[in-house]
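Q: Hi! Could you walk me through this structure while I have it open?

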Amino acid sequence: MLENLDLSQTINNEDYKMSMKTLEVKIGELQRRAWELKIPIILVFEGWHASGMGEDINRFILPLDPRGFDFHTMTRPCYEELLKPFLLRFWARIPVEGRIGVFDRSWYSRAIIEHFGKEKDEIALENALEEINYFERQLADDGYLILKFFLHISEKEQKERFKEIKKRDIPLILDEYQGKNGIEQDFIEQYDEYLPVVEKILESTDVPNAPWTIVEANDRNFAVLKIMVTVAHAIETYIEKVTRTPGQQTIKYLDIGTVNLPLLNGSILEKTDLSKSISVEEYREAKKLYQHRLENLQYELYKKKRSVVIVFEGWDAAGKGGDIHRLVEELNPRLYRVVPVGSPNDTEKAHHYLWRFCEAVPMAGHITIFDRSWYGRVLVERVEGFSTEEEWRRAYREINEFEKILTDAGTIILKFWLHIDEETQLERFESRMKDPEKRWKITEEDWRNRNKWDDYKVAVDEMLQKTSTTGSPWIVVESRDKRYSRIKVLKTVAENLEKELNT
């Protein structure tokens, strides 16, 4: 891909200036139009060191309204970022609807440096590239326009530029924390060694929804104009696509892929035995036993740097709050966090729906408990019509990929669906209405949701079947008897953590 490029192409200064006048006006107009249409745009800049990336990016962003773009330089991750799965730090930086995110180096450079580097771990690099393809496809499916540029210069040109840089006493690495040696420096200076790695990355991640544009960067005028023309054409084309009349568009439902999923051939919920119960004495004894085990396991998790994500979903009044309370009752609050998930706010709505959950993913050695979660996309949003059919159908694959990224990084995932029947829910609703101290738990929305029980039941069954994977299976909890429900959760968490930690 790189070796056959013609790097001799040049543009003289006069032609460059004339072309830039037209392109700068065009880019500014397109930025404003993308803002009006709420089109989020991601521009990724990668390339060889000394390829002129900083100068070229600066020439590109000068015509932009600074209120409408964010600039990110992706250098060495901070301590907390290193304790989370690789891609989450990039999820945190994706732009909101209508804005442009400009990445001066990105997940690609970090994948090479952090997953390949001196260790030459090709499997780790391949896994990172697979996750990157998930990431970019999910954003593109959600309406993001993604453009990726690789600035290519010859090894000879790079050496000449290094000489000039050293004469001017400019540091090759501007991040003060990188140091003068190590992997970062190797990546800069070992052109021949990294050429095949770069080629492999470009080939394996050059996809229609996030294509690479190779920029011949020996001549800086040519490089800047190629970037400007490519961006202008891509935004124009995308705007034309999203502003077509509905009759001109053909909606295609995407194959949820990634795993072989069973057909929906019966209800998992209907097969659940809700008659299970335990006595008060059994409950007290088991609660004390499992809470003590979990207290010790929490410190083992911390020592072994294993993170845990526990998801609670279930019917309204199924007892999620009570189960979570018993789960954390004896834990150290410094090492766990409970995240209640409600309706997204305006900022969260302006991002991909998974964005708001990335910050809450725990660091290594910590636990995050989600009281409702990303499964709202295939439950509430599906049933209430807050997402389109294409969006919620696509979400099954996206959720499986998201959870695979977490488990591949060593995160333990446990997902509980707390199940009760309609009669039990009605009894609990009425009981809460009669109790002044619990009346706050019941809202008009709870009653409305109850009227759509059958619709939710179909959605829950499909969710359980299509998102229960080997790495993160669903556990259905029989919750008519609250004591039984709480002990099953405590026991399941304790036994799974013991298995994962080999204790």
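Q: Let's start with voids. How many cavities of 30 Å³ or more does a search of the whole structure find?
A: The search finds two cavities of 30 Å³ or more. On a 1 Å grid over the protein atoms alone, a cavity is a set of points where a 1.4 Å probe fits but cannot get out, and lining residues have an atom within 4 Å of a point. Grid points are joined across faces, edges and corners, and a volume is the space filled by probe spheres set on the points.

Q: Before we go on, what kind of model is it?
A: This is a predicted model, where local features need pLDDT of at least 70 and side-chain atom pairs count only at pLDDT 80 or more, while totals for chains, interfaces and linings use all residues. Residues are numbered from 1 along each chain as its sequence is written, and side-chain values use heavy atoms, with hydrogens and water left out.

Q: Thanks. What volume does the largest cavity have?
A: The largest cavity has a volume of about 100 Å³. Of the 13 residues that line the largest cavity, Glu46, Tyr108, Ile112, Phe150 and Val198 are the closest to its centre.

Q: Which elements each supply at least two residues of that lining?
A: Those are β1, α5 (107–115) and α9. Helices (H or I, at least four residues) and strands (E, at least two) are DSSP runs, numbered from the N terminus.

Q: And how do the lining residues of the largest cavity divide by class?
A: They divide into nine nonpolar, two polar and two charged. Here Ala, Val, Leu, Ile, Met, Phe, Trp, Tyr, Cys and Pro count as nonpolar, Asp, Glu, Lys and Arg as charged, and the others, Gly among them, as polar.

Q: What about the second largest cavity: which residues line it?
A: About 60 Å³ of space lies in the second largest cavity. Its lining is made of Leu294, Leu297, Gln298, Ile310, Leu327, Leu331, Ile367, Ile369, Val493 and Leu497. By class, that comes to nine nonpolar, one polar and no charged residues.

Q: Where does the largest share of that lining come from?
A: From α11, with three residues. α11 (280–304), β8 (367–371) and α20 (482–501) each supply at least two residues of the lining of the second largest cavity.

Q: Back to β1. Why is it largely enclosed by the rest of the structure?
A: Strand β1 (residues 41–47) is largely enclosed because seven of its seven residues are buried. Buried means under 20% relative accessible area, exposed over 50%, and partly exposed in between (1.4 Å probe, protein chains only). Both faces of β1 are covered, with Ile41, Leu43, Phe45 and Gly47 buried on one side and Ile42, Val44 and Glu46 buried on the other.

Q: Which strands does β1 pair with?
A: Two strands pair if DSSP finds at least two bridges between them. β1 pairs with strand β3 (residues 100–104) in the parallel sense over five bridges, and there Ile42 stands opposite Gly101. Seven bridges join β1 to strand β4 (residues 145–152), also running parallel. In β4, Leu145 is the bridge partner of Ile41, and Leu151 stands opposite Gly47.

Q: Is β4 covered or open?
A: β4 is mostly covered, as eight of its eight residues are buried. One side holds Leu145, Leu147, Phe149 and Leu151, and the other holds Ile146, Lys148, Phe150 and His152.

Q: What other strand pairs with β4?
A: Strand β5 (residues 212–216) does, in the parallel sense over five bridges. The bridge partner of His152 in β5 is Glu216.

Q: Now helices. How far does α9 reach from its first C-alpha to its last?
A: Helix α9 (residues 191–204) has 14 residues and reaches 20 Å, close to the 20 Å expected at 1.5 Å a residue. The expected span is 1.5 Å times one less than the number of residues. The buried residues of α9 include Tyr194, Val198 and Leu202.

Q: Which residues is Leu406 in contact with?
A: Leaving aside neighbours within four places in sequence, Leu406 contacts Pro85, Val309, Val361, Thr411 and Ile413, where contact means heavy atoms within 4.5 Å. Leu406 belongs to helix α16 (residues 389–408) and is buried, with a relative accessible area of 0%.

Q: Last one: what's the overall make-up of the chain?
A: The protein chain comes to 20 helices and 10 strands. Of its 503 residues, 53% count as buried.

How values were computed
1 Å grid on protein atoms, 1.4 Å probe; cavity = no way out; pocket = protein on both sides within 12 Å on 5 of 7 lines; lining within 4 Å.
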